[in-house]
Amino acid sequence: MTGQTAPDSAPEIATVSVPLPGREYDVRIGPGLIARAGAEIAPLLARPRAVIVTDANVAAAHLSALQDALRTVGIASEALTLPPGEGTKNWENLTRTCDWLLDQKVERRDVVIALGGGVIGDLVGFAAAVLRRGVRFVQVPTSLLAQVDSSVGGKTGINTGHGKNLIGAFHQPALVLADTAALDTLPPRDFRAGYGEVVKYGLLGDADFFHWLEDNGAAAARGDAAARQHAVKRSVEMKAEIVLRDETEQGDRALLNLGHTFCHALEAATGYSDRLLHGEGVAVGCALAFDLSARLGLCPQEDPSRVSAHLRAMNMKADLSDIPGHLPDADALLDLMGQDKKVVDGQLRFILARGIGQAFVTSDVPRDAVRDLLAERLA
Ligand SMILES: O=C(O)C(=O)C[C@@H](O)[C@H](O)[C@H](O)COP(=O)(O)O
């Protein structure tokens, strides 16, 4: 499923294929992909025009480079720039995006480009899913979180007052261009938040990768290009394998939700604000999931310590006490978990682990064990 291409005198770009029948696409990973986006995207176009949706921060850093790259191969483009931040992923901006795409007379054969992080990718992917009952879209993820997770696999959607990602659709991109050089412009906090998702992959299914991260995560954070490319590629490979097994989350795909049952409740409790970025919540959630697994006798006692130690070594949030401000009590957090998409018949489902790299999905978790863990961590 994976391969390498090394065009003459260009940086080596890795390719991870996602061969879903009838909806196959490539994830291209490496430095300089925005500058060569024209050549990458041109084969998908029925006519030489494209529309781009981005946010104000990303536009300042990358929009002109993307439009120049398209222009170089004769592709004209128009762009819509939305406000940055999780708050953008709502009904209002979905309407605004769809109306703009209709104003631009985007046709079914056209391609919409989502340039940005997870918020833009999710929102624009959902707009593409519903516009004229489905147009193709290209993900150009510029954050680490979007490169390793949200741009791959076709989960698109928006948040509502009821919770995160509760309205959406599965709509696979036609191509993903993960320009790892774009990570150089990320604020360190955003890089570390994305790294929470990278750690998740090691924890859920690849102990060797987790070990590699223990050895190389600091280099990736410092900007080592090869370490960054490997971290993104291995994460995308793991995600692609799981999505191929279970595209619409009937089973195995829920493994990708390791840490997310806690995370989504914590994000709701902190108002989807800067107090807790999504990837930070995933990291804290993974640490809690391993703690819970050890308490239930499922994994060795030393595993949660190893998870926390790595998060701490990466200067990341690893516990509830690392989240600034007041948090609701354990019962209130459990209530917030009740909106989780994995709930079946009102029963919470968790991703727990038998060890590092050995996650599994279970409904067999005593509510009291979760409440006790949260209450202790909140004390
Ligand atoms: O792609 C998936 O499947 C995932 O669960 C990946 C998650 O890391 C991602 O954050 C996802 O958006 C969460 O999905 P949700 O269905 O729990 O909202």
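The exercises below work through a predicted model, each with a task and a stepwise solution.

Residues are numbered from 1 along each chain as its sequence is written. Because the model is predicted, local features need pLDDT of at least 70 and side-chain atom pairs count only at pLDDT 80 or more, whereas totals for chains, interfaces and linings use all residues.

**Exercise 1. Domains and their contact**

Task: Describe how the chain is divided into domains, and characterise the side of domain 1 that touches domain 2.

Solution. Step 1: the domain assignment, whose bounds come from an automatic or database source, gives domain 1 (2–185) and domain 2 (195–378). Step 2: taken over C-alpha atoms, the centres of domain 1 and domain 2 are separated by 26 Å. Step 3: domain 1 brings 29 residues to the contact and domain 2 brings 25 residues, where two residues are in contact if their C-beta atoms, placed from the backbone, lie within 7 Å. Step 4: on the side of domain 1 that touches domain 2, two or more residues come from each of β2 (13–18), β3 (25–30), α5 (144–150) and β9 (163–170); helices (H or I, at least four residues) and strands (E, at least two) are DSSP runs, numbered from the N terminus. Step 5: α5 supplies the largest share of that side, 5 residues. Step 6: by class, that side of domain 1 holds 15 nonpolar, 10 polar and 4 charged residues, with Ala, Val, Leu, Ile, Met, Phe, Trp, Tyr, Cys and Pro counted as nonpolar, Asp, Glu, Lys and Arg as charged, and the others, Gly among them, as polar.

**Exercise 2. The largest nonpolar core**

Task: Which residues of the largest nonpolar core touch the most other members, and which helix gives the most to this core?

Solution. Step 1: a nonpolar core is a set of buried Ala, Val, Leu, Ile, Met, Phe, Trp, Tyr and Cys residues joined through C-beta atoms within 7 Å; a residue is buried if 20 or more other C-beta atoms lie within 10 Å of its own, exposed if 12 or fewer, and partly exposed in between, with C-beta atoms placed from the backbone. Step 2: the largest such core has 114 residues, of which Val112, Ile113, Leu203, Cys286 and Ala289 touch the most other members. Step 3: helix α10 (residues 278–295) gives the most to this core, with 9 residues. Step 4: at least three residues of this core come from each of domain 1 (2–185) and domain 2 (195–378). Step 5: for Ile113, leaving aside neighbours within four places in sequence, the contacts are Ala50, Val51, Ile52, Val138 and Val140.

**Exercise 3. Three annotated positions**

Task: Locate the "binding site" positions Glu197, His260 and His278 listed by UniProt, and explain why they can be said to gather at one spot.

Solution. Step 1: the three positions come from an unreviewed UniProt entry; UniProt positions are given in the numbering used here, feature names are shortened, and annotations may be inferred rather than shown by experiment. Step 3: Glu197 lies in helix α6 (residues 188–205) and counts as buried because 27 C-beta neighbours fall inside 10 Å. Step 4: His278 is found in helix α10 and is likewise buried, with 25 C-beta neighbours inside 10 Å. Step 5: not counting residues up to four places away in sequence, Glu197 touches Leu145, Val148, Asp149, Gly279 and Val282, while His278 touches Gly118, Leu145, Ala193, Cys263 and Glu267.

**Exercise 4. The shell around the ligand**

Task: Which residues are closest to the ligand, and how does the shell around the ligand divide by class?

Solution. Step 1: a residue is near a molecule or strand if its C-beta atom, placed from the backbone, lies within 6 Å of it; 13 residues surround the ligand, and the closest are Gly153, Lys155, Asn165, Leu256 and Asn257. Step 2: the elements giving two or more residues to this shell are α5 and β9. Step 3: the shell has 1 nonpolar, 5 polar and 7 charged residues. Step 4: at least three residues of the shell come from each of domain 1 (2–185) and domain 2 (195–378). Step 5: Lys155, in strand β8 (residues 155–160), is buried, with 25 other C-beta atoms within 10 Å. Step 6: Asn165, in strand β9, is partly exposed, with 18 other C-beta atoms within 10 Å, and has a positive phi of about 55° although it is not a glycine.
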